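Good morning. Please have a look at the structure first, and then I will take you through a few parts of it.

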Amino acid sequence: MSPLSVIRPRPVDAPSLRLFVLHHSGASHIPYRPWAAHVPADWELCLVEAPGRGGRPGPLRETAAELAEAYVADVRPWADRPYALFGHSMGAVAGYELTLALRDRGLPLPRWLGLSAVSPPEHHPRAEPHFDLPEDELREWLAVMGGTAREVLEDPEMWALIEPVLRADLRIAERWEPRHGTGPLTVPLSVFAGDTDPIAPWHLMHTWAERSIRFCGAQVLTGGHFYFQPDPAPLVGRIVSAVRSVAPAVQVNTPGPAGTTPIWSA
């Protein structure tokens, strides 16, 4: 395990639960660091950095299965405590594949899996990929979608750094071909979507039910593909509630970090 692959913004001794978060395309763990202020005090937020960005060396992965393999090695040493997985967009694709990989290896499974802003396999878009768009068109599409700061898109030096990573990540997400014959998961599964997301339409989310024998439903929030920005509290609150509903053993009645309001109480 790379020491730079799992970032814990607020380490917790003997946490009742570890919440692993897998980030979206072209990103790193950084946009998810504020989530630490919104999870229960005895939970530990674990942000998994994909290879090839931040302080974690490459190479960049080419497929969702390859990225999931890297994540197996990252998560495994921390699976000595109960844990849950949440992924957004590319992170959701990787989270689903990661859960399958953990199951196939007989490794400890998450108590709950949350997938955000990704269409179910049978509806995953295959047409009009964006990863190979001309540079100007790609930047314009990213500006419309949100999730990437305008100053990054407009600064030549910053864009030169992020463009290869972004294209590689988009290729992973857009070329995802789910394996056949994997069968449904036994892990409780919740899905989340923005009500105006053009990539992962909310009305298709219920079809994820075929992928788990413990489907917990689809939750729709206001916004587009990055509906949880700039305020992650509503989404994190729903994540906490969803985990609590399926894993009562991790419930405690403790306040959040100083200056924050507890998301829930037992």
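Predicted model: local features only at pLDDT ≥ 70, side-chain atom pairs only at ≥ 80, totals over all residues.

Let's start with helix H1, residues 64–75, and helix H2, residues 90–104. Their axes are 8 Å apart, and the helices pack at an angle of about 65 degrees. Angles of 65 to 115 degrees count as roughly perpendicular, so H1 is roughly perpendicular to H2. The crossing of these two helices is right-handed.

Which residues of H1 and H2 make the contact? On the H1 side they are Ala-64, Leu-67, Ala-68, Tyr-71, Val-72 and Val-75. On the H2 side they are Met-90, Val-93, Ala-94, Glu-97, Leu-98, Ala-101 and Leu-102. By class, this contact has 12 nonpolar residues, no polar ones and 1 charged.

The second pair is helix H3, residues 135–145, and H5. H5 itself covers residues 156–174. The axes of H3 and H5 come within 12 Å and cross at roughly 75 degrees, which means that H3 is roughly perpendicular to H5. H3 brings Glu-135, Leu-138, Arg-139, Trp-141 and Leu-142 to the contact. From H5 come Trp-159, Glu-163, Leu-166, Arg-167, Leu-170 and Glu-174. Here the classes are 6 nonpolar, no polar and 5 charged.

Now to the empty space. Rolling a probe the size of a water molecule over the atoms shows where such space is left.

How many cavities of 30 Å³ or more does the structure hold? There are 2. The largest cavity has a volume of about 40 Å³. Its lining consists of Ala-50, Pro-51, Arg-53, Leu-60, Arg-61, Leu-67, Met-90, Ala-168, Asp-169 and Ile-172. Of these residues, 7 are nonpolar, none is polar and 3 are charged. Helix H5 gives the largest share of this lining, with 3 residues.

Last, a pocket. The second largest pocket has a volume of about 190 Å³. Lining this pocket are Gly-26, Ala-27, Ser-28, His-29, Ile-30, Pro-31, Glu-49, Gly-52, Arg-53, Gly-54 and Val-165. By class, that is 4 nonpolar, 5 polar and 2 charged residues.

How values were computed:
Residues numbered from 1 in each chain as written. Heavy atoms only, no water. 1 Å grid on protein atoms, 1.4 Å probe; cavity = no way out; pocket = protein on both sides within 12 Å on 5 of 7 lines; lining within 4 Å. Points joined across faces, edges and corners; volume = space filled by probe spheres on them. Helix = DSSP H or I, 4+ residues; strand = E, 2+ residues; numbered from the N terminus. Nonpolar A, V, L, I, M, F, W, Y, C, P; charged D, E, K, R; others polar. Axes fitted to C-alpha atoms, helices over the stretch in contact; angles between N-to-C directions. Parallel < 35°, antiparallel > 145°, perpendicular 65-115°, else oblique. Left-handed = near helix turned anticlockwise from the far one by under 90°. Contact = heavy atoms within 4.5 Å.
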